[in-house]
Amino acid sequence: MSSKAIGILGGTFDPIHFGHLRLAEEMLELANLRQIRFIPAGIPPHRNAPQVSAQHRSAMVRLAITDQPAFVLDEREVERTVPCYTVDTLRELRAELGAAQPLCLLMGGDAFLQLHTWHEWEQLFGLAHIVVGYRPGFTLEERIHGATAELQRHYQQRLCAANALSQQPCGGVTELAIPQLEISATDIRRRVAEGRTIRYLLPDAVADYIHQHQLYIPC
Ligand code: ATP
């Protein structure tokens, strides 16, 4: 069996920016993925409510990815009315795409080191590979010693090379060195609220959408 893996990138995307898009583009190439599904969170269980509606965040993702045919918007979490967990989304995707399709859950090193706090976290390995992007110079190998013993055990047993991801449907952990752009949605929201420029931090179409719909402006 060997079918190119599908990547899954969840986030609040409040709003989507070039940090997300570069992360996805690098992972697409380095992990040799067939597609990346962007899944905006509806009501995220773990963090404060996003500032703008799921429909607006989803519309901005759609605008941001139009030029890259390998990027796909998946609105399943946005359509839910109750908070949902990554493990539930992966179960749905696994049921739709079949047992043999390699799936890769994409995340940053900081998120991986907190994985043990996720709902039913050990089930994730039975549903997808985990592909971790780390900033060059900040390898997971050096930082994993601060993680829980259980997470360290999974990491050590599951570590595999990117070219092995398409050989199995799930269960591996791969690290990829990805330069991180110093862009955050928090900073973009603050800039809009202060009437400052956001050009070159995110696609023009997304900036236009924000201004058109007067998003992130305090009432
Ligand atoms: P906020 O500032 O509101 O916390 P954010 O910009 O971090 O938001 P999220 O939607 O929370 O964006 O991020 C989704 C995913 O993208 C996460 O896995 C996060 O680690 C990653 N990510 C966010 N910003 C960057 C960036 N500049 N470079 C690489 N990855 C990023």
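Trainee: At about what angle does helix α3 run to β4?

Mentor: Bear in mind that this is a predicted model. Helix α3 covers residues 86-97 and lies across β1, β2 and β4. Its direction relative to β4 is given by an angle of about 155°.

Trainee: T89 is found in helix α3. Is T89 buried or exposed?

Mentor: A residue counts as buried under 20% relative accessible area. T89 has 3% relative accessibility, so T89 is buried.

Trainee: Which side chain joins that of T89 in a polar contact of 2.7 Å?

Mentor: Leaving out residues up to four places away in sequence, T89 touches I39, R76, E77, R80 and C84. The polar contact of 2.7 Å runs between the side chain of T89 and that of E77.

Trainee: Which strands stand at the edges of the open sheet?

Mentor: The sheet has six strands in the order β3-β2-β1-β4-β5-β6, with parallel pairing. A strand at an edge has a single partner, so one of its sides is left without a neighbour in the sheet. That describes β3 (71-73) and β6 (173-177).

Trainee: By how much are neighbouring strands of this sheet turned against each other on average?

Mentor: The direction of the strands is ignored for this value.

Trainee: Which residue of β3 is the bridge partner of R37?

Mentor: Strand β2 spans residues 35-40, and three bridges join β2 to β3. In general, strands of a sheet pair through backbone hydrogen bonds. For R37, the bridge partner in β3 is V72.

Trainee: How many residues of β4 are buried?

Mentor: Begin with the partners of β4. Three bridges join it to β1 in the parallel sense, and I8 has L105 of β4 as its bridge partner. With β5 there are five parallel bridges, and C104 has H129 of β5 as its bridge partner. β4 is largely enclosed by the rest of the structure, because the buried count is five of the six residues.

Trainee: Which helix lies across β1, β2, β3, β4, β5 and β6?

Mentor: The helix in question runs at about 150° to β2. Its residues are 18-30, and its name is α1.

Trainee: How many residues surround the ligand?

Mentor: The closest are H17, H20, L181, A185 and T186. An N or O atom in the side chain of H17 is 2.8 Å from an oxygen atom of the ligand, and a polar side-chain atom of H20 lies 2.8 Å from a ligand oxygen atom. A polar backbone atom of I183 is 2.9 Å from a nitrogen atom of the ligand. The number of residues surrounding the ligand is 16.

Trainee: Against which helix do the buried residues of α7 pack?

Mentor: Helix α7 (residues 185-193) has A185, I188, R189, R191 and V192 buried. They cover an arc of only 160° around the axis, which means they are on the same side of α7. These buried residues pack against α8.

Trainee: Which residues are exposed on the face of α6 turned away from its buried side?

Mentor: In α6 (residues 149-158), the buried residues are L151, Q152, H154 and Y155. Their arc of only 160° puts them on the same side of α6, and they pack against α4, α5 and β6. The face turned away from them carries the exposed residues A149, Q156 and Q157.

Trainee: Near what value is phi of Y200?

Mentor: In general, most residues other than glycine have a negative phi. Y200 is found in the loop between α7 and α8, and it is exposed, with a relative accessible area of 65%. Its phi is positive, near 75°.

How values were computed. Residues are numbered from 1 along each chain as its sequence is written. This is a predicted model: local features need pLDDT of at least 70, side-chain atom pairs count only at pLDDT 80 or more; totals for chains, interfaces and linings use all residues. Side-chain values use heavy atoms; hydrogens and water are left out. Two strands pair if DSSP finds at least two bridges between them. Helices (H or I, at least four residues) and strands (E, at least two) are DSSP runs, numbered from the N terminus. Axes are lines fitted to C-alpha atoms, for helices over the stretch in contact, and angles run from 0 to 180 degrees between N-to-C directions. Contact means heavy atoms within 4.5 Å. Buried means under 20% relative accessible area, exposed over 50%, partly exposed in between (1.4 Å probe, protein chains only). The arc is that of the directions from the helix axis to the C-beta atoms. A residue is near a molecule or strand if one of its heavy atoms lies within 4 Å of it. A polar contact is a pair of N or O atoms within 3.5 Å; within protein, one must be able to donate a hydrogen and the other to accept it, and residues adjacent in sequence count only if both atoms are side-chain atoms.
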